[in-house]
Amino acid sequence: FKNGIIAGVKFYPVLHETKSLNFPVCGMSDSMPYKATKYSNLTPTMTDDFTREFLKVFDEAYKEFKPDIIVCHHLYLLTAIIRANYPNDKIYGICHGTDLRQFKKTDLRRDFIYENIKRLDRIFALHIQQKEDIIETFNVEEKKITVIGVGYNEKIFNTKEDKKGLNPEDNSKLRLIFAGKICEKKGVKSLIKSLKYLKTKPEDFKLVLAGGVGSKEEYNSIYNLALNSGFDIEFLGKLSQEKLAEEYRKSDIFILPSFFEGLPLVVIEAIACGLSVVVTDLPGVRVWLNHMLPDANIKYVSLPKMSNVDEVLEEDLVNFEKELAKNIDSICLEVKAGKNGNIQNKIQDELKNITWENIARQVLK
């Protein structure tokens, strides 16, 4: 590796915050764990600069590499730009979910994006429900869409190292872990608020939160909420993949109370490290997980009522937090009874179908 890129792999960066592209990189979510520009804040001039700079660099790569197929991530602005400017090439798009959310929320070049995403030669979707969403959103022919799911890195996320189970600092405590951006839309605030409804005693568990900062103001609000909650909560900050896997192996239960996801890879990574899971009942996710990992110990929490794709209705949050607590209690009892340990061999066999290598083979096929 050199600068994070594998040796021998050609790398063509488009540099932001320069004279020709004088704003931070655009984030597919409105809250990113780094300095980012919201797509909704792009002016016509910024959009023109974005288009010009990406095409300049892409054209250099295109001429040198002479691709048979162009693969673009996200069914959004950049993919539409490439499709429009390379009309005779075979172009495939990979949907991640955040792209659909941006398209529905943001007016930015809507007609341009719609027309060009519709003209892609093939689209890869995470699950069946997302495939249906793509068809409805962009009026794409069904035969153009292939469901490939999501894959994880089994070399990092595994149970090969000794999994201690229970809090390593105190073997009488269950260790609950969250991983993702520390922000409201990931459900972190609701997770902390749900703890007061638990029947599991405060001295019997510890909650650790792994992830970077989206909005600093939002992070500080969540941090103060945790500080004043009276519960044992630790913020680990943003971790490398290797460090996150280590934290998973120290833990017992993974919790993701997110209000919007495509197909959350963190859930699969946590299961691969031997954890039981509590996750919101996100569209399409339960069906896919039940199919691919039928023996995994997962509890699903009903989503709160929403408006505008991913805006939660505040009046429904208390019900959501109570149901979240009920599911955490239930899975705590199961973990203490050793339920997950009895089925780990089955789960490890099921995980072989969703490794990165397996997903890559599906894409190549």
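Phe 157 counts as buried in this predicted model, because its relative accessibility is 1%, where buried means under 20% relative accessible area, exposed over 50% and partly exposed in between, for a 1.4 Å probe and protein chains only. Tyr 248, at 0% relative accessibility, likewise counts as buried. The rings of Phe 157 and Tyr 248 have centres 6.1 Å apart and planes at 50 degrees, so the pair is classed as tilted; rings of Phe, Tyr and Trp (its six-membered ring) pair if their centres lie within 6.5 Å, and planes under 30 degrees apart count as stacked, over 60 as edge-to-face and the rest as tilted. This pair links distant parts of the chain, since Phe 157 belongs to the loop between β6 (145-147) and β7 (174-179) while Tyr 248 belongs to helix α8 (residues 241-250), 91 residues apart. Helices (H or I, at least four residues) and strands (E, at least two) are DSSP runs, numbered from the N terminus.

The model is predicted, so local features need pLDDT of at least 70 and side-chain atom pairs count only at pLDDT 80 or more, whereas totals for chains, interfaces and linings use all residues. Residues are numbered from 1 along each chain as its sequence is written, and side-chain values use heavy atoms, with hydrogens and water left out.

A search of the whole structure finds 15 aromatic pairs. In one of them, the rings of Phe 58 and Tyr 86 have their centres 5.0 Å apart and their planes at 70 degrees, so this pair is edge-to-face. Here too distant parts of the chain are linked, with Phe 58 in helix α1 and Tyr 86 in the loop between α2 and β4 (90-94), 28 residues apart. Phe 58 counts as partly exposed, at 22% relative accessibility, whereas Tyr 86, at 9%, counts as buried. Together with Tyr 62, Phe 58 and Tyr 86 form one aromatic cluster.

About 970 Å³ of space lies in the second largest pocket. On a 1 Å grid over the protein atoms alone, a cavity is a set of points where a 1.4 Å probe fits but cannot get out, and a pocket is an open set with protein on both sides within 12 Å along at least five of seven lines, lining residues being those with an atom within 4 Å of a point. Grid points are joined across faces, edges and corners, and a volume is the space filled by probe spheres set on the points. The lining residues divide into 24 nonpolar, 4 polar and 1 charged, where Ala, Val, Leu, Ile, Met, Phe, Trp, Tyr, Cys and Pro count as nonpolar, Asp, Glu, Lys and Arg as charged, and the others, Gly among them, as polar.

Cys 72 has Gly 93 in β4 as its bridge partner, and β3 and β4 pair in the parallel sense over 5 bridges, two strands being paired if DSSP finds at least two bridges between them. Of the 5 residues of β4, 4 are buried, so this strand is largely enclosed by the rest of the structure. Strand β8 (residues 205-210) has 6 of its 6 residues buried and is therefore also largely enclosed. Both faces of β8 are covered, with Phe 205, Leu 207 and Leu 209 buried on one side and Lys 206, Val 208 and Ala 210 buried on the other. β7 and β8 run parallel and are joined by 6 bridges, and Leu 174 stands opposite Phe 205 in β8.

Most residues other than glycine have a negative phi. Arg 109, however, has a positive phi near 40 degrees, and this residue lies in the loop between α3 (98-105) and α4 (110-118). Arg 109 is partly exposed, with a relative accessible area of 36%, and its charged end sits over the ring of Phe 112, 4.0 Å from the ring centre; a charge sits over a ring if NZ of Lys or CZ of Arg is within 6 Å of the ring centre and within 35 degrees of the ring normal. Glu 17, in the segment before β1 (26-27), has a positive phi of about 55 degrees.
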